[in-house]
Amino acid sequence: MLDLLKGVRVVEMTTIVLGPMAGQMLADFGADVVKVEAPAGDLARYVDPRSPAGESSMFANSNRNKKSIAIDLKTQEGRDIVRRLVAEADVFLHNMRLQAIERLGLGPEALRALNPRLIYCSAIGFGSEGPYAARPAYDDVIQAASGIAWLPTYTGADPAYVPGVIADKITAIYAAQAISAALYGREKSGRGVEIEVPMFEAMTSFVMTEHLAAASFDEAARPGYQRLLNRHRRPFRSADGWIAVLPYTEAHWRRVLEEIGRADVAGEPWFQDATERSRHVGDMYEILSGHMPERTTEEWIATFERIDVPHSRVNSLQDLLADEHLQAVGFFRPTDGLPTRARSVPQPVVVRGAGEAPDAPPPELGGDARALLAELGFGEEEAEGFIASGIVRAAGTGTREDS
């Protein structure tokens, strides 16, 4: 954990991956993130696989360095506790549908009236001003809506989801970035802002940065960056496995073509012109693919190292755990002190010159309830009354089924 956001309090009322990952990014940079959960807890707590002690991998990898308080928002008292938390906070982050957050009286106008310096961030499915605003949104839905699931059709395959929660995680990065920028802006203006981060728009931006292509300049043109959509652009089969190679510049292609005995291609008139060469990239990929089975993966790696052409073996998930580079930088080391940890997924950004402290494990459900209630000015008797009545769930009280 770094100290760059030390002193910033974030009230995070989110579940599953999008909001929790955004909150964890802020916590990794030193923010004091208070995770507000329902009495049953974030659903991600119960997603398999889990450790023998019951900790979910999904939850653990998205919720380190946070505090937890579990509040029944169906009660007026519960909503008042959230308002009390927000009154002194710097950031409020939620991923509820806008109609639902408004029904709770926790919408942007209400909370920013309470705290004008508040940065209010809604991480939602679809932008509030469009016709899809009220739709529910999950990762698969957004992958389909944003066009990323359609991209495989350009190479002759059926539409397919990226086998990962890519929409949630990309939107989380946009949210954390926007919140960080807003915090800096507030240092100059003294005012908070309202931020809306819609998954659909975030993923469409992510997909279309390169794929808007010719449609950037011509309303009638078809979008799509053709080099990326060429059916010959893929990992190549070697004699004993798979390897990726990307000859990108003219020099790269010359060295590769010479290596495979096809220097004649570099003598073609179209090869000398970058635009024409890009139009023939599929032909060059096809030529290259025909020669890749002639050597093993290790032989190709040695070759591409020697001629200085970008490449990589095609790693499986298991391969990543043994990758020599990731081992050298200590990537999967268990950083957060969770007793059952064998590995964790760390903050991948290296910041030199900032203060650091050990990461804290993901919080036990309601693990900080009593301390936070005391911090908010509630007396011990009042706090215990909240817990006894079920308005607040503290660690070790109740079960998932009770909620």
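This report walks through a predicted model of one protein chain, from its overall layout to a few individual residues.

## The big picture

Let's start with the whole chain. It has 17 helices and ten strands, and its C-alpha atoms fill a box of roughly 85 × 50 × 40 Å along the principal axes. Of the 403 residues, 43% count as buried. Look at the contacts in the chain with a separation of 6 or more: residues 24 or more positions apart account for 70% of them.

The chain exposes about 21000 Å², and 53% of that comes from carbon and sulfur atoms.

In soluble globular proteins, nonpolar side chains tend to be buried together. Here, the largest nonpolar core has 38 residues, and Ile179 and Met203 have the most contacts inside it. Several elements each supply at least two residues of this core: helix 1 (18-28), strand 4 (91-94), strand 5 (119-124), helix 7 (166-189), strand 6 (194-198) and helix 8 (199-211). Which helix gives the largest share of this core? That would be helix 7, with nine residues.

## Met203 and Ile148 up close

Let's zoom in on Met203. Leaving aside neighbours within four places in sequence, Met203 is in contact with Ile142, Ser146, Ile148, Ile166, Ala167 and Ile170.

You'll find Ile148 in the loop between helix 6 (139-146) and helix 7. Is Ile148 buried or exposed? Its relative accessibility is 11%, so Ile148 counts as buried, given that the cut-off for buried is under 20%. If you skip residues up to four places away in sequence, Ile148 touches Gln143, Ala160, Val162, Ile166, Met203 and Val207.

## Strand 3 and its partners

Next up is strand 3 (residues 66-71), which is mostly covered: five of its six residues are buried. What does strand 3 pair with? Strand 2 (residues 32-37) pairs with strand 3 in the parallel sense, over five bridges. One spot to look for is Glu37, which stands opposite Ala70 in strand 3.

Strand 3 also runs antiparallel to strand 10 (residues 392-393), and two bridges join them. In this pairing, Ile71 has Val392 of strand 10 as its bridge partner.

Strand 8 (residues 242-245) is joined to strand 9 by three bridges, and the two run antiparallel. To see the pairing for yourself, look for Ala244, which stands opposite Ser312 in strand 9.

Key: Residues numbered from 1 in each chain as written. Predicted model: local features only at pLDDT ≥ 70, side-chain atom pairs only at ≥ 80, totals over all residues. Heavy atoms only, no water. Helix = DSSP H or I, 4+ residues; strand = E, 2+ residues; numbered from the N terminus. Buried < 20%, exposed > 50% of the residue type's maximum accessible area, 1.4 Å probe, protein only. Contact = heavy atoms within 4.5 Å. Areas by Shrake-Rupley, 256 points an atom, 1.4 Å probe, with all protein chains shown as cover. Pairing = 2+ DSSP bridges. Core = buried A, V, L, I, M, F, W, Y, C linked by side-chain atoms within 4.5 Å.
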